[in-house]
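Please examine the structure below with attention to how its helices pack. Two packed helices are described by the angle between their axes and the distance between the axes.

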Amino acid sequence: KSDAEKKREKASQKQYHSCLALAKKGDPEACFLIHGYLSTGIGCPTGMPDDVRLTEERTWLQRAADLGHAPAQVQLGHLNLVGRPQVAVSWFRKAASQGERLGLYNLGEAYYQGHGV
């Protein structure tokens with residue numbers, strides 16, 4: 001790796017750990033960002049097995065959504081759309097109730113397709 005890549009990696013790891021500290025205190029945006037770090041693998045601990053990383057990713061996304069983070073609610077809606085459309089509609093509805101545009105759009109789309117009515 002080049003020196004620039006090493007610096008970026010170190011900065012990402014520092015941001016990950018700072019964000020993790022906030023997430024553990026219940027900050028919804030930090031929870032969502034930790035989900036993003038784990039989703040991309042950038043900044044998160046190296047050597048974490050994929051199955052563990054994916055489980056942690058979903059846990060932080062769920063936590064962010066439970067704390068009222070509208071983009072996390074939309075994303076959980078998408079993850080549940082196939083196989084659990086009623087759950088998806090519930091998440092879209094929560095995001096839409098906060099004025100989240102993607103929540104509103106996806107709720108309308110779900111209704112159009114006959115889910116949740």
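Angles under 35 degrees count as roughly parallel, those over 145 as roughly antiparallel, those from 65 to 115 as roughly perpendicular, and the rest as oblique. The model is predicted: local features need pLDDT of at least 70, side-chain atom pairs count only at pLDDT 80 or more, and totals for chains, interfaces and linings use all residues. Residues are numbered from 1 along each chain as its sequence is written, and side-chain values use heavy atoms, leaving out hydrogens and water.

**Helices H2 and H3**

- The axes (lines fitted to C-alpha atoms over the stretch in contact, with angles from 0 to 180 degrees between N-to-C directions) of H2 (residues 28-40) and H3 (residues 50-66) come within 8 Å and cross at roughly 155°.
- H2 and H3 are therefore roughly antiparallel to each other.
- Their contact (heavy atoms within 4.5 Å) joins H2 residues including Pro28, Phe32 and His35 to H3 residues including Arg53, Trp60 and Leu61.
- The residues of this contact comprise 8 nonpolar (Ala, Val, Leu, Ile, Met, Phe, Trp, Tyr, Cys and Pro), 2 polar and 4 charged (Asp, Glu, Lys and Arg); residues of the other types count as polar, Gly among them.

**Helices H1 and H2**

- The axes of H1 (residues 3-24) and H2 also come within 8 Å, and they cross at roughly 140°.
- This angle makes H1 oblique to H2.
- On H1, Ser12, Gln15 and Tyr16 are among the residues that meet H2, where the partners include Ala30, Leu33 and Tyr37.
- The contact of H1 with H2 has 11 nonpolar, 2 polar and no charged residues.

Technical notes. Helix = DSSP H or I, 4+ residues; strand = E, 2+ residues; numbered from the N terminus.
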